[in-house]
Structure formats: structure tokens, C-alpha cells
Amino acid sequence: MSSTVWISKNKWDEVWAAIHNITVRQDFTVNKPSAGISGKGASARLRIDLPAMVNGGGSSTYDGPYAVRFGELEPVDEEDGVPEVDMNKVVVNGGFALANGFFFEVKPVELEIAEGYICVHIELNGGNGKWSEPVIHFAKPNNRNYPVARIIKEDTGYRIEQFYAAVAIFMLTTVCPLAEI
């Protein structure tokens, strides 16, 4: 009995191109490994999607800029050495903000739990043209409040919907006084 498999030249070209065009992607939005082939002929691609790993471990929990988690900035250690998670508070990691070309570091913050959007906020002080220090708080997203997460109230408690952003970008403008003449 023969173990030879015969395939057409077109199919072989697809397989050959896919072998040489393998894309492996690790992302926090991927829950379970998957693979697929896209394209045909020489443009065929083999795509492998894997859950992202954090700190060399197998967890897909996001812990980058503006990551939101339940708890406190400095949890109190209990007698057994395991910190207790306060489900009435959320901690938001610090991150970065870019406002009209000015770069800022944003400090981490601890907030009381509430339903709504968690945003990075910044103001341009009208008279002197100086930026306020960016802060993280609950707010409605707009040109001065960049959303990084949303807290959703459910029957069983609260759920965090994380928006992945390395930098909160602000472009604030105003009407030029000369243009109104």
C-alpha cells in the first residue's frame, strides 16, 4: 500500500506559499489558539493566532498601560500572606498621553467602583497655553476624556471591558480669533 498523496500543482503552490508566509500573532483579544489560510497561489498566508502571554506565564490578563483590575494600589497582606482583593475598587495602571505634541506620563490611580467609562483627562488652560497634569477618572468620553476602559454593572457584580491603548492622544484646537474678523 502506497502512502503517496497526489495534489494538483495549483494546490501545491498554495501550500508552498503558505509554508513560506506563516504569520504568528499573539494578542490579548485572542481567547483560544486558532489557525487559517487566506489568499491563493503565491499570495497564500498561514495565520496562527495565540493568546498573549504575560510575564512569561500562560495568563492572557492584560497588564500594560491603562490596564484595569479589581483591587487596591497597595493591597493589605492578610495573615496567610495572600492580599485580599477589594471588589469595590478598581486600579488603573499608569500610561502615557500625547497632547498636541506634548508628551506626558500618567500616574496610576485607585477608583471606587462605578458603572461608566474610565478616561484619561487633560485640559489646555486657555490663557497661558499650558496643559494640566493628565489624570484618570470616570467620565463621558469626549475630546478631553480619552476612554481606556468601561465598567459594566451586571446581575452578578461588575465587569471590566478593557480598551487597549498605549498612549492617550489628544488634539485640541480652537477657532483662531483672526479668522472671526
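**Close-up views of a predicted model**

**View 1. I118 and its neighbours.** Let's start with I118, which touches V68, V90, V92, L111, I136, H137, F138, Y146, P147, V148, A149 and I151, leaving aside residues up to four places away in sequence. Please keep in mind that this is a predicted model.

**View 2. The largest nonpolar core.** Stepping back from I118, we come to the largest nonpolar core, a set of 22 residues. Which residues have the most contacts inside it? They are I118, V120 and I136. At least two residues of this core come from each of these strands: β5 (89-92), β6 (95-99), β7 (102-106), β8 (109-112), β9 (116-121), β11 (145-154) and β13 (167-170). Strand β11 gives the largest share, with 3 residues. As general background, nonpolar side chains in soluble globular proteins tend to be buried together.

**View 3. A stacked pair of rings, F96 and F103.** The model has 3 aromatic pairs. In one of them, F96 and F103 are stacked, with 5.5 Å from centre to centre and 20° between the planes. Are these two rings buried or exposed? F96 counts as partly exposed because its relative accessibility is 31%. F103 has a relative accessibility of 54%, so this residue counts as exposed.

**View 4. A tilted pair of rings, Y117 and F163.** Here the ring centres of Y117 and F163 lie 6.4 Å apart, and the planes meet at 35°, which is why the pair is described as tilted. This pair links distant parts of the chain: Y117 belongs to strand β9, while F163 sits in the loop between β12 (157-162) and β13, 46 residues apart. Y117 is partly exposed, with a relative accessible area of 28%. F163 counts as partly exposed too, at 25% relative accessibility.

**View 5. Where to read the model with care.** The chain has a mean pLDDT of 78, and 69% of its residues reach 70 or more. Where is confidence highest, and where is it lowest? Strand β10 (residues 135-138) has the highest mean, 97, and helix α1 (residues 9-20) has the lowest, 66. Over residues 54-60, pLDDT stays under 50. For this stretch the model has 10 contacts beyond four places in sequence.

Key
Residues are numbered from 1 along each chain as its sequence is written. This is a predicted model: local features need pLDDT of at least 70, side-chain atom pairs count only at pLDDT 80 or more; totals for chains, interfaces and linings use all residues. Side-chain values use heavy atoms; hydrogens and water are left out. pLDDT is the predictor's confidence in each residue, from 0 to 100. Helices (H or I, at least four residues) and strands (E, at least two) are DSSP runs, numbered from the N terminus. Contact means heavy atoms within 4.5 Å. A nonpolar core is a set of buried Ala, Val, Leu, Ile, Met, Phe, Trp, Tyr and Cys residues joined through side-chain atoms within 4.5 Å. Buried means under 20% relative accessible area, exposed over 50%, partly exposed in between (1.4 Å probe, protein chains only). Rings of Phe, Tyr and Trp (its six-membered ring) pair if their centres lie within 6.5 Å; planes under 30 degrees apart count as stacked, over 60 as edge-to-face and the rest as tilted.
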